[in-house]
Amino acid sequence: VSLGLSESARYIIRPRNIPFHAASVLGFTIGILLGDFVSNNGIRRFYLDVVRYQPGQLNPLLTQVIPPALGIDLFLHNWLVSIAAAMSGIGFAFPSFETILFNGFILGLLNPLVPTLTMLLAVILPHGIIEIPAFLLAGSVGIKLGYAAIKTRTRPGPEVSEYLSATLRQSVYIVIGLAPLFLIAGLIEADLTPTIARMFGWT
């Protein structure tokens with residue numbers, strides 16, 4: 001884990017990785033915009049009229065599950081998604097980009113269902129300030145892994161094979177290093193986020 005965290009720090013600040021960071025953020029942003037569009041053009045009305053969702057109401061799961069157990073469950077779920085985002089990049093980057101886009105899409109779907117921006121930030125920021133950058137980092141690594149895989153097909157050779165091998169090792173270290181971040185974010189989401197959300201009008 002310690003090696004993974006230091007590898008993550010090196011990966012983040014290395015200038016040659018900026019295109020992969022940008023692609024990860026772009027995928028997440030496109031997902032949010034698509035989700036917001038779909039929500040405003042059908043899903044929001046469905047939730048309000050058919051599901052009878054009350055805007056500003058927290059997920060009942062938060063009061064039905066013991067917080068530490070929920071925090072561990074959230075940690076495992078989010079960490080596994082980050083592993084998928086990073087390691088599936090071996091499939092020429094597309095699966096990683098799709099995973100990033102889909103998670104942004106889910107966030108975009110929720111946006112129109114929240115009455116105010118303040119309420120949205122109250123329910124996302126406490127844990128999201130850790131969780132979202134960690135997830136985007138996993139996506140960035142996945143896209144880099146996909147780039148390495150593409151290079152092995154278009155320009156095969158020992159140097160390119162070594163680049164793919166090194167990127168794969170780097171991906172494994174980074175997703176392991178992200179585990180404590182997702183654990184902290186999961187515990188915050190289960191224990192602290194609902195309290196902060198209620199302070200800003202959630203019921």
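**Figure 1. Arg-10 and Glu-7 share helix H1, which covers residues 2-13.** The two residues are 3 apart, about one turn of the helix. In this predicted model, their side chains meet in a salt bridge, with a distance of 2.8 Å from N to O. Side chains of opposite charge can pair when their charged atoms come close.

**Figure 2. A salt bridge links Arg-169 with Glu-162.** The closest N and O atoms of this pair are 3.5 Å apart. Arg-169 is partly exposed, with a relative accessible area of 43%. Glu-162 is likewise partly exposed, at 44%. The count of salt bridges in the model comes to 2.

**Figure 3. Phe-20 and Tyr-147 form one of the 4 aromatic pairs found in a search of the whole structure.** The ring centres of Phe-20 and Tyr-147 lie 5.7 Å apart and the ring planes stand at 50°, so the pair is tilted. Phe-20 belongs to helix H2 (residues 18-49) and Tyr-147 to helix H6 (residues 117-154), so the pair ties together parts that are 127 residues apart in sequence. Phe-20 counts as buried at 10% relative accessibility, while Tyr-147 is partly exposed with a relative accessible area of 36%.

**Figure 4. Phe-75 and Trp-79 form a stacked aromatic pair.** The distance from centre to centre is 5.7 Å, and the angle between the planes is 10°. A pair of aromatic rings is described by the distance of the centres and the angle of the planes. The Phe-75 and Trp-79 planes are described as stacked because the angle between them is under 30 degrees. Both residues lie in helix H4 (residues 67-87), where they are 4 residues apart, about one turn of the helix. Phe-75 is buried, and its relative accessible area is 12%.

**Figure 5. Thr-193 is placed in helix H9, which comprises residues 193-199.** At 4% relative accessibility, Thr-193 counts as buried. The side chain of Thr-193 is joined to that of His-127 by a polar contact of 3.0 Å. With neighbours within four places in sequence left aside, Thr-193 is in contact with Ala-122, Val-123, Pro-126, His-127 and Ile-188.

**Figure 6. The protein as a whole contains 9 helices and 0 strands.** Along the sequence the pattern reads α-α-α-α-α-α-α-α-α. The C-alpha trace spans about 60 × 35 × 25 Å along its principal axes. Of the 203 residues, 40% count as buried. Among contacts between residues at least 6 apart in sequence, 84% join residues at least 24 apart. The protein exposes about 10900 Å², and carbon and sulfur atoms supply 71% of this area.

Conventions: Residues are numbered from 1 along each chain as its sequence is written. This is a predicted model: local features need pLDDT of at least 70, side-chain atom pairs count only at pLDDT 80 or more; totals for chains, interfaces and linings use all residues. Side-chain values use heavy atoms; hydrogens and water are left out. A salt bridge is a side-chain nitrogen of Lys or Arg within 4 Å of a carboxyl oxygen of Asp or Glu. Buried means under 20% relative accessible area, exposed over 50%, partly exposed in between (1.4 Å probe, protein chains only). A polar contact is a pair of N or O atoms within 3.5 Å; within protein, one must be able to donate a hydrogen and the other to accept it, and residues adjacent in sequence count only if both atoms are side-chain atoms. Contact means heavy atoms within 4.5 Å. Rings of Phe, Tyr and Trp (its six-membered ring) pair if their centres lie within 6.5 Å; planes under 30 degrees apart count as stacked, over 60 as edge-to-face and the rest as tilted. Accessible areas come from the Shrake-Rupley method with a 1.4 Å probe; for residues, only the protein chains shown count as cover.
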